[in-house]
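This report describes selected features of the structure shown below.

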Amino acid sequence: MNETRRSIDILDRYPRVDEGLVDSLLAAECAGSGRKIVVLDDDPTGVQTVHDVSVYTDWSPESIRAGFEEDRPLFFLLTNSRSFTPEQTARAHREIGERVAQAAAEAGREYLIVSRSDSTLRGHYPLEPELLAEVYRERRGKEVDGEVLCPYFKEGGRFTLDNVHYVRYGRELVPAGETEFAEDETFGYRASSLCEYIEEKTQGACRSRDCLCVSLELLRSLDLDTITELLCSAEHYRRIVVNAVEDCDVKIFAIALYRALARGKYFTIRCAAALVKALGNISDRPLLSGKELAAKGSGAGGVILVGSHTAKTTAQLEELKSLEQIVFLEMDSDLVLTPGALEKEAARLLSLEEELIPQGKTVCISTKRALLKVENDSREQALLRSVQISRALRRLAGELRAAPAFVVAKGGITSSDVGVKALKVKRAAVAGQIQPGVPVWQTGPESRFPGIPYIIFPGNVGERDTLKRVVEILLGEM
């Protein structure tokens, strides 16, 4: 399973395509489909490529019906299931699948459910897409022909070529199975080849040799008929791996996918954010400016909450510390092992925030950077501890009485807990991105602090200075 590291220069070896033609073909297929796309997001970072779409923070029948009533072809349901146990996510996905099927029947619409997850392959896979397929069969009485796996995400430096998934580090592409993400305590894996990853995660139920693969050579040839026929050949839940190194690749694939759907085929989709944007035919837009975000004017400081433990986040936090106008506080997250101690620690930090934010001071609170290790630990126990720590961290926004100028949350579980449970957002409008792959919600009137920008910063995105750049923009210094 040891694939070769490659120079980033290899990404330029593939022939260019007529992107104007691709865009026009995709627009026609999307408009002609009439199919509602329901994106289940296992943490809030899935909106990191889109704008002017709705995110519903629950999956109540009312929220799902509202999504179907929108004019837009696509809407998001935030599940935050990456923080769930397998049993919890199984219950949630069955419930969602049944409610989406019911709402579609009421609206008289065909639909496609997309399971948006991590571009570094972490999450409840294959459980979530398999459950969605099972519910679709039960409710619609139709076969699910295949499952598409497409983790490409350019903004985060995630590329798939020759069926191997890579993560960019500087000028080098590192096979995903050799990165820190593959060592995740809850969702770790060994394989970098997506076909072998599928075999590993299905525990051999799907052999790597049985996967269908859509190559970059085929995509760049613009042979849409061949790609469509390949998709139409899938049956009995065949796994399909999609290679991609540029957005044009997922657009071309989306055209063929729409054509296969029009011929009566059906698939579950497991992907990162890029394919979602293509399926929704969502245009590019410039990065948001501080003026657009209106972060200044209240006189209050902002809040930055850092929960992610990736090496990238830790490096970004160190770079942020060069900004002298920010007050840095550390939560002793190891106190999670002592009953009641973490709650007292959160109360201490909350008191400090209450003093500083009205004075115009921006406060950054981070968990301890060394990940807590426990002897004879289990994945379930580690996940439950991370949820407890996230709960303590979210209090620092949820129990804050002084309205901040903005809130930044770093990390998937952290950003979901802060947005839903602390800020009480029910429906957010995605304004766009403040930096590549870093989305911004505009909080609604029902939220704890209406009208402020909420910045969802994935733990695995950006360069060393990206967090610093985001905060500088929010402070009006760029």
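## Basis of the description

Helices (H or I, at least four residues) and strands (E, at least two) are DSSP runs, numbered from the N terminus. The model is predicted: local features need pLDDT of at least 70, side-chain atom pairs count only at pLDDT 80 or more, and totals for chains, interfaces and linings use all residues. Residues are numbered from 1 along each chain as its sequence is written, and side-chain values use heavy atoms, with hydrogens and water left out.

## Backbone details in loops

Lys424 lies in the loop that connects α14 (412-422) with β17 (427-435). Its phi is near 60 degrees, a positive value in a residue other than glycine. With a relative accessible area of 47%, Lys424 is partly exposed; buried means under 20% relative accessible area, exposed over 50%, and partly exposed in between (1.4 Å probe, protein chains only).

Tyr237, in the loop between α7 and β11, also is not a glycine and has a positive phi of about 60 degrees. Tyr237 is buried, at a relative accessible area of 11%. A further backbone detail is the cis peptide bond from Tyr125 to Pro126, with omega near 10 degrees. Pro126 is placed in the loop between β5 and α4 (127-140).

## Helix α2 and its surroundings

Helix α2 spans residues 61-69, and its buried residues are Ser63, Ile64, Gly67 and Phe68. Viewed down the axis of α2, these buried residues fall within an arc of 140 degrees, so they line one face of the helix. The arc is that of the directions from the helix axis to the C-beta atoms. An α-helix has 3.6 residues a turn, so residues three or four places apart point the same way.

The exposed residues Glu62 and Glu69 are carried on the face of α2 turned away from its buried side. The cover over the buried residues of α2 includes β2 (36-41), β3 (54-56), β4 (74-78), α3 (86-107) and β5 (111-116).

## Strand pairing

Four strands form an open antiparallel sheet in the order β1-β9-β8-β7; two strands pair if DSSP finds at least two bridges between them. Its edge strands, β1 (6-7) and β7 (158-161), each pair on one side only. Between β1 and β9 (residues 172-175) the antiparallel pairing runs over two bridges, and Ser7 has Glu172 in β9 as its bridge partner.

Strand β6 (residues 146-150) is mostly covered, with five of its five residues buried. In a regular strand the side chains alternate between the two faces of the sheet. In β6, Gly146, Val148 and Cys150 point one way, while Glu147 and Leu149 point the other way. β6 pairs in the parallel sense with β11 (residues 238-242) over four bridges, where Gly146 stands opposite Arg238. Five bridges join β6 to β12, also in parallel, and Val148 has Ile269 in β12 as its bridge partner.

## Salt bridges

The whole structure holds 45 salt bridges, a salt bridge being a side-chain nitrogen of Lys or Arg within 4 Å of a carboxyl oxygen of Asp or Glu. Glu229 and Arg263 form one of them, at 2.8 Å from N to O. Glu229 lies in helix α7 (residues 224-232) and Arg263 in the loop between α8 (247-262) and β12 (267-271), so the pair ties together parts that are 34 residues apart in sequence. Glu229 is partly exposed, at 42% relative accessibility.

Lys368 and Asp334 form another salt bridge, the closest N and O atoms being 3.3 Å apart. Lys368 is partly exposed, with a relative accessible area of 26%, and Asp334 is partly exposed at 25%. The side chains of Arg137 and Glu143 meet at 3.5 Å, N to O. A network of salt bridges links Asp41, Asp42, Asp43, Arg82, Arg116, Asp118, Arg122 and Asp184.

## A buried loop residue

Ser308 sits in the loop between β13 (303-306) and α11 (311-320). Its relative accessibility of 10% makes it count as buried. Apart from neighbours within four places in sequence, Ser308 is in contact (heavy atoms within 4.5 Å) with Thr313, Arg369, Lys410, Gly411, Thr414 and Gly459.
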